[in-house]
Structure formats: C-alpha cells, structure tokens
Amino acid sequence: MILAIETSCDETSVAVLDGRRILSNVLYSQIKHHRQYGGVVPELASRLHAEKIDQILVRAMEEAEVGFSDLTHIAVTIGPGLEGALLVGMTAANMLSKALNIPLVPVNHLHGHIYAAESEFDLRFPSLICLASGGHTMIIRMKENLQFEVVANTMDDACGECFDKVARMLNLGYPGGPKIEALAKEGQINIDFPHPIKKKANAFSFSGLKTAVLTKVNDSQPEEFPNIAASIQHRIATVLSHKIRLASETCDVAQLVLCGGVFANQYIRSHILSEVPIEDVVIPSPKLCTD
C-alpha cells in the first residue's frame, strides 16, 4: 500500500496505490496562479505546494479509504523538476516515512511518466518509449524492467515548451498545449513549418520551430492564428512520429509507450497511432499523462 507524492512543478498531487491499482489520485493545479505571468514562477510554485500539500494528502487518504497504519511505503518524486517545489514533497514524504517507520522510495520523475502506463496496461519488453513533456522530449529503449537506454534526446527545447511559447506568441495564455489544441480545431494545416534535423535519428530540436512561428506570426493577421496553431501542432506530431519510426528501425520493439503531458493532446495521439508501424501502442489516459 503506497502513498505517492508529486510536487515537481505546478501540480501538487498525492495518490494511494494498492500495488498497481490506483485507489485515489488527488491533484491541485496552480495554473490560475501562474497564468498572469505566462508561465510557472518557481518561488510561487514552491509556496503554493507548501500551502496545499497537507490538505491534498488528507483528501487522498480519505478518498482511498485507508488509514496511515495501512501504508507500507512512501514514494516521492526527487527530480528532475523545480528545486524548491521538489523540496516540499520530499520534506513531507521524509517526515511521514520516519513517523510511520516505513520505507521511503525516491522516484525519478521521468520513470514516473513511463510507469503511469502500467496502471492501465501490461508493459512488454523490449519497449520503445517516447516521452514528451514541457521539460523533456526523449525516445528511450527499455530492455527490461527499469533498464533504460536513451535513443534520442532534445538538443535544446522540449516540444511542450514549444507549445507554451507559441501560445504566448498567439496571445492564448498559459498553459499553451490545451490552448493550441483548441485553436487548431478552427484552422487548416496549410503552413509548411520546417522539420528540424530530420535525418538525425538521435536528437530532437524545437528552438528553430519557435523562431519560424514567430516570423510567421509577425507577418500574419489574428484571423490566421488558427491555421498557425493547426500547422505547428501537425509539425510537432510529424517530428515525433518520424523519430519514433527511425528508432524502431534500429532495434527490436515489442511495444511502444507514449507518455508525458504532450500526449494528452488527442491530435498528436491519433497522428502517431496512424503513422507508426508498431502494432502494440499504449498511451496512458490523459489524466495520467500529466504530473
């Protein structure tokens, strides 16, 4: 019986799991507090985590209908993430572990994204993993349980960060991913944004895409913004699917796992499912793609 705490960025989340079964998963989002700044303010995030962690923890225990004496382990995200925000979760977890005299399990944030899929699917090895979020864009080969080999990583920005910056250029607000997805439904894919480092199998790059979008925005009228949103969303989807195909050609793949906040985007999920030649593709539910 595991109590799990996550405070790596702008979401305070506490879950209770009975093995792989999620008994409760309570989340407090700080979006409304950071929206006016156009992105996450680290100091503000840390303070809000400290203010909310106790009540989120109590709610998670109540919804799971378990007591502290039922717990056998405390798990907590230790990074990567915002240093101050992580410290709030680690302090709470450490205090609970010592008070209850049960083991404290440190969890890598990226491993958490990957294993979120296991609450809904059986993982098969060797698996190919595409992890796309606000801070990371990676392709990973998992040979066996917890045996990871990075196949491709970003050279500069993550695709989720690209979504946020483009949303700011289009005056859509924060967070950018859902705003771009909503606006894209009103537009056409009629702008051929560049496909960065297309022939390089082991790397992503998204900084040039942001520059290309900024140039287009400066030359466009607001009525053209839906087409820009649809076209940049499509380009990011094609970049991800292309790199997954390249990676699948270099190694045996029993299963493809798509994880991280970017895969809450329904268009990107559908595009990759239609373009990637791997039969067994698993994607966590959108609510399990985020932190």
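What follows covers the cysteines, then a strand and its partners.

The model is predicted. How many disulfides does it hold? The count is zero. Cys162 is in no disulfide. Its nearest cysteine sulfur belongs to Cys159, 7.8 Å away. The cut-off for a disulfide is 2.5 Å between the sulfur atoms. Cys162 is also buried, at 0% relative accessibility.

Now turn to Cys251. Cys251 has a relative accessible area of 17%, so Cys251 counts as buried. The cut-off for buried is under 20%.

Cys130 leads on to strand β6, residues 127-132. Is this strand enclosed or open? Six of its six residues are buried, so β6 is largely enclosed by the rest of the structure. Both faces are covered. Ser127, Ile129 and Leu131 are buried on one side. Leu128, Cys130 and Ala132 are buried on the other.

Which strands pair with β6? One is β7, residues 137-144. β6 and β7 run antiparallel, with six bridges between them. A hairpin of four residues joins the two. Within this pairing, Leu128 stands opposite Arg141 of β7.

Another partner is β10, residues 255-259. β10 runs parallel to β6, and five bridges join them. Here Cys130 comes back into view: its bridge partner in β10 is Leu258.

Key. Residues numbered from 1 in each chain as written. Predicted model: local features only at pLDDT ≥ 70, side-chain atom pairs only at ≥ 80, totals over all residues. Heavy atoms only, no water. Buried < 20%, exposed > 50% of the residue type's maximum accessible area, 1.4 Å probe, protein only. Pairing = 2+ DSSP bridges.
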